[in-house]
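This report describes one protein chain for a reader who is new to structural analysis. Please keep the sequence and the model in view while reading.

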Amino acid sequence: MADRQQTLHLVEIRASDFTGHISIKEMVRGPMDSEEDAILPLFLLLPLPIEELPGWCGSVVERAISGRPTLPSEVGIIICDITTPASLDEMAKQAAIVLNCVGPYRFYGEPVVKACIENGTSCIDISGEPQFLELMYWKYHQKAAEKGVYIIGSSGFDSIPADMGVIYTSNKINGTLTAVESFLTINSGPEGLCIHDGTWKSAVYGFGNQNQLKKLRNQSNLKPVPIVGAKLKRRWPVSYCRELGSYSIPFLGADVSVVKRTQRYLHENLDQSPVQYAAYVTVGGITSVIKLMFAGLFFLLFVKFGIGRQLLIRFPWLFSFGYFSKQGPTQKQIDAASFTMTFFGQGYSHGCSAENNKPNIRICTQVKGPEAGYIATPIAMVQAAMTLLNDVSNLPIVGGVFTPGAAFAKTKLIDRLSRRGLEFSVISSSEV
């Protein structure tokens, strides 16, 4: 990592006024774990005309640091043009860590990664785009290792709860964890649920370019990770989870890709037993299932064609049945929202061989937190950065491009997250 004595602690934000406020507030809110936990000054990269930036930044920062008299009254702000390599280089030279929130990452992410590596700066992003994440590994892992910097993707709601949740479950089971299913439940208040269309756009482009991801994986020619114990059976596209009393469908985000990459890393580099993983999202009753089926059919049909993708991007509210919009959620919707990710794990107790035997131990754990996109994501991103700054001895020995689980498996990130409202807990554990 770059010499921190010569650099600034840094955050990069591309967002609305509200998102910028939330992200900065998370970075300066107290109490901090240590004085080093204050990330100031700030770097902001925003979709605003340049003449509007000083006033916008001043307003957001002033609101974010209100109530924190121990912080400096003036916060330095660096304005950077992401389309200009020289501007990115100048920014990266001044940073210890860049927190990159500029998406969709398939369009805007790589120049930031490249500039950070070339200038000896670590970088954290909140991408939920498997193609971008895997491509960055293959293109830049060796270069990042040579520079001694850490490039850590998917460090927001995608996919810290899932990735660190599997690691937490593995640490808590009284034996060897071999398989996990996770079920994501999104809770909303009386005004319902809404997600900003930035996530929708990433999904449209991701599904529209699935062939590129398949090609990338075929070219990688990786050896299969060994399956330990009984093979995890995949559920039907629509299945009923009796434990949660809800129908579920496969979760189509980045979690499976990220967790599998983490398990490969832990197996190949730390000689840990790999964990099989499948991810689902609960959808409630049969009415919700039917509604989502229609939305899914429209989406999969339109996303195959250029004009279809244009329509999906232009009218997110219509094609998502109101779940996504260009305006995003209201403050009331955010305040009332929360998530629960429940993990059902199975494995083998100490002394019981996984070969030719059925799993004889089960465990249920949970990760619970506030609204996923605007509250939990800044918490996860900032605490990942704090861990990267202050828990260096427990990071991988050399730099590179990592998943959160690969980078933070041995650190105290889970403790940090729990203190900030992302709670990890064991619900039950038993031998069968």
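Predicted model: local features only at pLDDT ≥ 70, side-chain atom pairs only at ≥ 80, totals over all residues.

Residues are numbered from 1 along each chain as its sequence is written, and side-chain values use heavy atoms, with hydrogens and water left out.

**The chain**

The chain contains 16 helices and 15 strands. Helices (H or I, at least four residues) and strands (E, at least two) are DSSP runs, numbered from the N terminus. Of the 432 residues, 50% are buried; buried means under 20% relative accessible area, exposed over 50%, and partly exposed in between (1.4 Å probe, protein chains only). A contact is defined by heavy atoms within 4.5 Å. Among contacts between residues at least 6 apart in sequence, 81% join residues at least 24 apart. The accessible surface of the chain is about 20,400 Å², and carbon and sulfur atoms account for 54% of this surface. Such areas come from the Shrake-Rupley method with a 1.4 Å probe; for residues, only the protein chains shown count as cover.

**Helix α10**

Which residues of α10 are buried? They are Val289, Ala295 and Phe299. These residues lie on the same side of α10, because they cover an arc of only 135° around the axis; the arc is that of the directions from the helix axis to the C-beta atoms. In general, an α-helix has 3.6 residues a turn, so residues three or four places apart point the same way. On the other side of α10, Thr287 and Leu297 are exposed. The buried residues of α10 pack against several elements, among them α7 (197-208), β9 (246-250) and β10 (276-284).

**A pocket and a cavity**

On a 1 Å grid over the protein atoms alone, a cavity is a set of points where a 1.4 Å probe fits but cannot get out, and a pocket is an open set with protein on both sides within 12 Å along at least five of seven lines; lining residues have an atom within 4 Å of a point. Grid points are joined across faces, edges and corners, and a volume is the space filled by probe spheres set on the points. The structure holds 1 cavity of 30 Å³ or more.

| Second largest pocket | about 450 Å³ | 19 residues | Glu181, Arg235, Glu243, Gln346, Arg362 |

Strand β6 gives the largest share of the pocket lining, 4 residues. In the largest cavity, α5 gives the most to the lining, with 3 residues.

Tyr348 is found in strand β12 and counts as buried at 2% relative accessibility. Tyr348 and Asn174 are 174 residues apart in sequence, yet 8.3 Å apart in space, C-alpha to C-alpha. Arg264 belongs to helix α9 (residues 255-270) and is buried, with a relative accessible area of 17%. Leaving out residues up to four places away in sequence, Arg264 touches Leu222, Lys223, Pro224 and Val225.
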